[in-house]
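The coordinates were opened before any entry was written.

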Amino acid sequence: MSELIAFIGVGNMGNPMAENLMKAGKKVKVFDVSKKMIEKAKEKNLEVAENINDLITKEVTTVITMLPEGKNSKEIYLGEKGIINKVSKKCLLIDCSTIDIQASIDIGKKATEQGIEMIDAPVSGGVMGARKANLNIMVGGSKEGFELALPLLKIMGKNIFHAGNSGSGNGAKICNNMALGISMIAASESLMLAKRLNIDVKKVHEIMKNASGNSWPISVYPPLPGLIDGVPSNNNYRPGFSAGMMNKDLKLAKECADQVNAFTPLGNIALDIYNKFCEEGNDTKDFSAISKVIGGDAWKYSID
């Protein structure tokens, strides 16, 4: 059987991921519920299916999904006409969506019962990482499923980790993004304080990059413009990773913490900050735009 990859969900992240697979010589066919995203896929010369039924057939050897929420993944995999009931047992299933751990476990369990290999493989690195094919990919599932998926994951990403059994990939991603959300707020506070102290922000940024205050938001993705080329803060905060998506991931982190009685006070504060930021209509801005409400005369949001 010749290799055929069905890719479902070609939004800001899925589109470049599918394109990279195509550029690597893979036969890829895509689908999205958004007509706008389908048109963008066609602009990239990706082959498009008219509907899911046309896309998911016994000839498909791999299905990759990049969907917004756990309910979307469960519906498309576990529904009466879901993917698991339509593909052959030799088909590999890869869910790159960032969703709740239990949803990943439920989907993985059903796939295993049907004798189908499935992994959860959420990614980090944003749109820039997807375009450059240097995403970080965190995988949950069997060792066999991980090994089967690895050649495809290496086309889309650079750093690929097997975190453990089903759900572990999303668990690792949720932990990572909780730290990212907190550190973006910390970077914003520090740089905005330097600005209000009338210290050259560029010099403070350079110092922090080489000192103990360094972090990914400082060294790679600074929240203030004029520090590093090619980041959203230099492009009116056009999203590489939106505030809405960060808010979603922080909610997932809180849900996980509540389930296991973990004390995550900074994660909870970060969620409160991003939640209020999104409620004010900033959910489509890049998550680094949080810097715009930090460092003023008074803290804009009250934290309970």
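Which residues does Leu-21 touch, not counting residues up to four places away in sequence? I listed Ile-5, Phe-7, Lys-26, Val-28, Ile-64, Leu-152, Ile-155 and Met-156, where contact means heavy atoms within 4.5 Å.

Basis of the entries. I note that this is a predicted model, in which local features need pLDDT of at least 70 and side-chain atom pairs count only at pLDDT 80 or more, while totals for chains, interfaces and linings use all residues. Residues are numbered from 1 along each chain as its sequence is written, and side-chain values use heavy atoms, with hydrogens and water left out.

Cores. I looked up the largest nonpolar core and found 34 residues; Leu-21 is among those with the most contacts inside it, as are Phe-7, Met-17, Val-30, Ile-94 and Leu-153. Such a core is a set of buried Ala, Val, Leu, Ile, Met, Phe, Trp, Tyr and Cys residues joined through side-chain atoms within 4.5 Å. Buried means under 20% relative accessible area, exposed over 50%, and partly exposed in between (1.4 Å probe, protein chains only). Elements that each supply at least two residues of this core include β1 (5-8), α1 (14-23), β5 (92-95) and α7 (143-156). The most comes from α7, with 7 residues. Helices (H or I, at least four residues) and strands (E, at least two) are DSSP runs numbered from the N terminus. I also recorded a second, separate core of 25 residues, which includes Met-178, Tyr-221, Tyr-237 and Cys-256.

Strand β4. I checked both faces of β4 (residues 62-65). Thr-62 and Ile-64 on one side are buried, as are Val-63 and Thr-65 on the other. β4 pairs with β1 in the parallel sense over 4 bridges, and it runs parallel to β5, again joined by 4 bridges. Pairing requires that DSSP finds at least two bridges between two strands. Thr-62 stands opposite Ile-5 and has Leu-92 as its bridge partner in β5.

Ser-124. I listed its contacts, leaving out residues up to four places away in sequence, as Leu-135, Asn-136, Met-138, Lys-173 and Asn-176.

Leu-197. I located this residue in the loop between α8 (168-196) and α9 (201-209). Leu-197 is classed as exposed because its relative accessibility is 53%.
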